[in-house]
Each structure stands twice: as C-alpha cells, then as structure tokens.
Amino acid sequence: MSVDSVLATGAPPVVAILRGLRPEEAVEACAALVEEGIRLIEVPLNSPDPFASIAAMQAAFGGVAMIGAGTVLDIASVDALVATGAKLMVTPNTNAAVIAHGVAAGLEVMPGMLTPSEAFTAIAAGARRLKLFPAMVQGTTYLKALRDVLPANVEVWAVGGTGTNNIGEWLGAGAGGLGVGGALYRPGDSAQVIAGKARALVKAWRAAV
C-alpha cells in the first residue's frame, strides 16, 4: 500500500485528519470515510491514545486504505507507528532525522514545511511529498512560486484551512492534494456527520478535476 497505489484506484488526493479521535470511535469513523471514497487517513498523535486508534483502523481497513499518524515529532513515535503496521507518517515540521528514520523504516513520509529552505531539507532527508503548513497563511500564489523551484517529482500537499470550499483552488495552483481536518472531522462527530462531510468534499473534488 502506498499513496500512489491508493490514488491509482480513483480515490481523491485527500488525507483526512482525525484530530481528537478516540479509540472507541476509530473504526466507525474510518468506515464512514472509506465508504465515501476517502482512503488516506491520519490520526494526529496529540489525540487520545492515538496508536490504539491507528492500530484498530489499520487492522480493519489497511487492505483498502492507507492509515497513519500525524503530528509525528520524534523517532520513538516513528517506531511506535511502524509497530501498528500503518504506513503513512505526517509531521507538522521539518526534522531531517525524523524524516530519514521514517523513510528508512519504509513509511510514506509527508513532512510539514513552510519555506523553500525547509522544503529542500525535507527532500534531502528522503521526502517526496511535502506538506505546506499552514497553507492558509500563504495562499495559492505562494504555492505556485514554491513549485517553480522544487523538483518536478516532488509533490506539495496543502494543509490548514483547506476543505470543500477551496479544494479546486489549491489543486489548480499545483497542489498534489490536500490534508483536511476540521472540514471533515471534529471531536464528537458521529459517523453520519463524518460521512456527510466526506461526501461533500469528494463531490467538490470531482467538480474540480
């Protein structure tokens, strides 16, 4: 399972960010997303007992979706993620040692960056997909300028302030995809609410491509 193989199935280039998810909600929330077509899903590590949620989601849906962790800040967390069998690793920052450790462990790494210097540090550490965060601060014009200097084979995914209302703008500006948090999930959302948000986002993506 890789990001490329997931996208090759026709899934939208969207990572669902389930910040605040509890383990007892994990499988049901993941099922709602997968049913609506979203197959890239992360649980940030500042959520309650995140590795329990990730392990449960991986066991239930690892064959059809790419599950992983967000807000990965240190090497110990990388190793804990590997132990769950999940493959997606997302960070909010550019830490070359953490990125390289994730790449060496066989994870699909999407490190956070904001500046060209951070982007090239992440690339040198082995990243091939970057997370522009917080994307809303700089906007699509900034992404276009950044893309001009980055290698063509390196994608930039926009995260922060992204969702149904602007997915077309970001993709049109050259984003490889989006990470979507609050527009898809807020703590306490039912599976039905999550499904409705996911359905709207997938519909907006289809209209944009």
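Reply: In this predicted model, the largest nonpolar core has 60 residues, and those that touch the most other members are Leu33, Ile38, Ile41, Met57, Leu130 and Leu184. Helix 9, residues 191-208, gives the most to this core, with 8 residues. Another core, of 10 residues, lies apart from it and includes Val3, Ala11, Met66 and Met110. In general, nonpolar side chains of soluble globular proteins tend to be buried together.

Leaving aside residues up to four places away in sequence, Leu130 touches Met110, Pro111, Met113, Ala119, Ala122, Ile123, Leu150, Val154, Glu155, Val156 and Trp157.

A search of the whole structure finds 1 cavity of 30 Å³ or more, and the volume of the largest cavity is about 40 Å³. Its lining consists of Val15, Ile17, Glu42, Val90, Met110, Lys131, Trp157, Val159, Leu178 and Gly179. By type, these lining residues are 7 nonpolar, 1 polar and 2 charged. At least two residues of the lining come from each of strand 1 (14-17), strand 8 (155-159) and strand 9 (177-180).

Then there is the open space. The largest pocket has a volume of about 270 Å³. It is lined by 18 residues, of which Ile17, Arg19, Val159, Gly181 and Gly182 are the closest to its centre. The pocket lining divides into 8 nonpolar, 7 polar and 3 charged residues. Ile17 and Val159 line the largest cavity and also belong to the lining of the largest pocket.

Conventions:
Residues are numbered from 1 along each chain as its sequence is written. This is a predicted model: local features need pLDDT of at least 70, side-chain atom pairs count only at pLDDT 80 or more; totals for chains, interfaces and linings use all residues. Side-chain values use heavy atoms; hydrogens and water are left out. On a 1 Å grid over the protein atoms alone, a cavity is a set of points where a 1.4 Å probe fits but cannot get out, and a pocket is an open set with protein on both sides within 12 Å along at least five of seven lines; lining residues have an atom within 4 Å of a point. Grid points are joined across faces, edges and corners, and a volume is the space filled by probe spheres set on the points. Helices (H or I, at least four residues) and strands (E, at least two) are DSSP runs, numbered from the N terminus. Ala, Val, Leu, Ile, Met, Phe, Trp, Tyr, Cys and Pro count as nonpolar, Asp, Glu, Lys and Arg as charged, and the others, Gly among them, as polar. A nonpolar core is a set of buried Ala, Val, Leu, Ile, Met, Phe, Trp, Tyr and Cys residues joined through side-chain atoms within 4.5 Å. Buried means under 20% relative accessible area, exposed over 50%, partly exposed in between (1.4 Å probe, protein chains only). Contact means heavy atoms within 4.5 Å.
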